[in-house]
Amino acid sequence: MLGVAGIVALTYVITNHAEPSAPPAASHSADHVDSYLTPPPLLPHPPDNLPEKEKEAVENEVFAKKDEGMREGRDQIVPPPGLPQKRTTRQEAIVAAMKHAWKGYKTYAWGHDHLKPISRTRNDWLRLGLTLIDALDTLWIMDLKEEFSEAREWVSTQLHFNLNQDVNLFETTIRVLGGLLSTYHLTKEQVFLDKAVDLGDRLIAGFNSGSGVPFADVNLYSRRASKPKWGPDSSTSEVTTIQLEFRDLSRITGNPIYEEKVNFVSEHIHKLPKTEGLVPIFINAQTGQWRSHSTITLGARGDSYYEYLLKQWIQTGRTKDYLRDDFNESVSGMEHLLAARTEPSNLLFFGELHGGSKNFVNKMDELTCYLPGTLALGVHYGMPKHHMTLAEQLMYTCTLTWLRQPTNLAPEITYFNTQPTGTNEDFFVKNNDAHYLLRPETIESLWYMYHLTGNKTYQDWGWQMFQGIETYCRVENGYTSIGNVRSTVDTKPKDKMESFFLGETLKYLYLLFMEDQSTFSIDKWVFNSEAHPLPIYSH
Ligand code: DMJ
């Protein structure tokens with residue numbers, strides 16, 4: 001069954017380089033949505049009437065030029081981008097949203113991890129002022145000087161890591177270490193680096209395991225590492241999504257220890273057996289081996305393994321080629337084993353493999369929608385050009401999972417119809433999966449797609465999503481995640497504003513609507529998994 005789905009999908013991808021599929025037939029509830037959802041045109045390709053050889057030569061020249069351009073800049077750590085610039089009207093709306101979120105956080109949750117905007121209180125998880133730190137570089141990029149300066153004051157006087165607290169290594173690395181490092185790069189203020197070093201020195205205890213693959217949790221005070229409370233193994237995406245940050249810390253400080261630890265993990269995982277480049281979602285820190293029969297997915301617990309293969313290769317000046325090769329192999333595996341098409345509209349999605357790769361499951365997390373952006377980034381850096389077709393088509397599907405809902409917001413998980421059902425619906429949502437947690441992934445990908453193609457359709461899609469956020473998530477004292485995207489009247493607010501809403505969702509929206517896209521050029525910056533920009537190095 002899987003084989004057939006895979007082969008059909010692959011055949012489609014191979015034979016359909018001209019245009020993405022026509023807009024799917026509108027479902028009864030969403031005519032208004034699909035009518036403006038025209039798939040964007042592909043990137044310019046050489047004219048079709050050129051003989052094959054000439055075509056290839058033209059394409060190679062384009063990529064050689066790009067390559068030349070990138071090489072010129074890659075031996076330097078870039079100076080911070082020149083801010084501010086004149087904001088567009090849409091950017092003003094995003095800044096207003098950021099101010100609104102910040103005000104609620106400042107009033108009711110200052111210095112705590114998350115705002116609960118409806119009950120006007122706070123929630124603590126890592127006890128590290130998560131929202132404040134995740135928001136630092138967004139505030140700086142938006143040129144919100146007053147807000148940034150009160151946040152800096154808190155970091156400098158109140159942020160301490162000497163806490164008897166177990167924290168998740170991955171979450172603390174991408175949000176807190178990543179947030180401090182990127183703010184240091186943008187501002188060059190020593191306080192952010194000092195805090196990053198203190199945190200890095202504690203987190204590094206996580207790597208004290210039998211295999212060098214880190215444990216899930218670390219106690220910041222005792223510096224003892226442990227497996228997660230809920231199971232024996234670490235998650236694959238977690239142990240492979242800490243490399244950009246630890247490497248950056250080594251490069252700034254000149255202390256190689258952080259980078260050595262994460263290089264070891266990447267190299268170890270490179271040597272483990274895989275299914276056509278795809279990896280199981282659990283790994284044991286003591287043995288360094290996969291958990292057998294664990295799921296393969298591009299969503300939760302798998303997602304950013306693939307993202308960081310590419311981004312690490314970029315961060316290190318495209319010198320560690322095994323990362324690029326593993327990325328390419330994984331995309332081939334995705335096309336072959338996970339890609340499938342919906343009925344009736346032939347939409348591309350990536351499903352999952354359960355039960356030791358035997359069963360194909362036709363579900364896709366919203367988390368998977370980081371992938372169009374990552375694929376497009378790869379093509380910019382010379383990966384096979386048909387990855388752009390995958391990116392465009394998956395971007396379209398991801399967008400529909402938002403804009404076909406009456407709220408314009410995506411559910412956490414969508415199931416896809418791969419067989420005719422007699423209805424007009426390409427996908428459906430189960431009751432337990434209908435929540436929207438203010439997640440960024442689809443918007444993140446829209447930014448990459450717009451940044452790389454200049455096609456304003458991507459901006460328009462992002463604007464529609466933002467309208468959904470404004471209408472159904474904005475409350476008097478901030479923004480709340482909701483429990484049900486399928487109803488405009490019964491949205492079931494969850495009373496929680498996630499830190500990544502300020503760190504990622506609003507930042508990517510702001511960048512998506514930025515006039516001068518060279519401000520944050522992807523030739524100079526690589527964004528970590530929490531949207532914190534870090535510089536690209538020469539090696
Ligand atoms: C963020 O913390 C990061 O983007 C992570 O990689 C995945 N999940 C959340 C946002 O959805």
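Predicted model: local features only at pLDDT ≥ 70, side-chain atom pairs only at ≥ 80, totals over all residues.
Residues are numbered from 1 along each chain as its sequence is written, and side-chain values use heavy atoms, without hydrogens or water.

The ligand takes up the space of the largest pocket. A pocket is an open set of points on a 1 Å grid over the protein atoms alone, where a 1.4 Å probe fits, with protein on both sides within 12 Å along at least five of seven lines. A molecule sits in it if more than half of its atoms lie within 2 Å of its grid points.

The shell around the ligand (a heavy atom within 4 Å) consists of I174, R175, L367, R439, P440, E441, F500, E504, S529 and E530. Five of these residues are charged, four nonpolar and one polar. Helices α7 (169–187) and α18 (499–512) each supply at least two shell residues.

The protein covers 91% of the 290 Å² of accessible area that the ligand has on its own (Shrake-Rupley method, 1.4 Å probe).

The structure holds one disulfide, defined by cysteine sulfur atoms within 2.5 Å. The sulfur atoms of C369 and C398 are 2.1 Å apart. Their S-S torsion is about -90 degrees, so the disulfide is left-handed. C369 lies in the loop between β12 (363–365) and α14 (371–380), and C398 lies in helix α15 (residues 386–403), 29 residues apart.

Methods: 1 Å grid on protein atoms, 1.4 Å probe; cavity = no way out; pocket = protein on both sides within 12 Å on 5 of 7 lines; lining within 4 Å. Helix = DSSP H or I, 4+ residues; strand = E, 2+ residues; numbered from the N terminus. Nonpolar A, V, L, I, M, F, W, Y, C, P; charged D, E, K, R; others polar.
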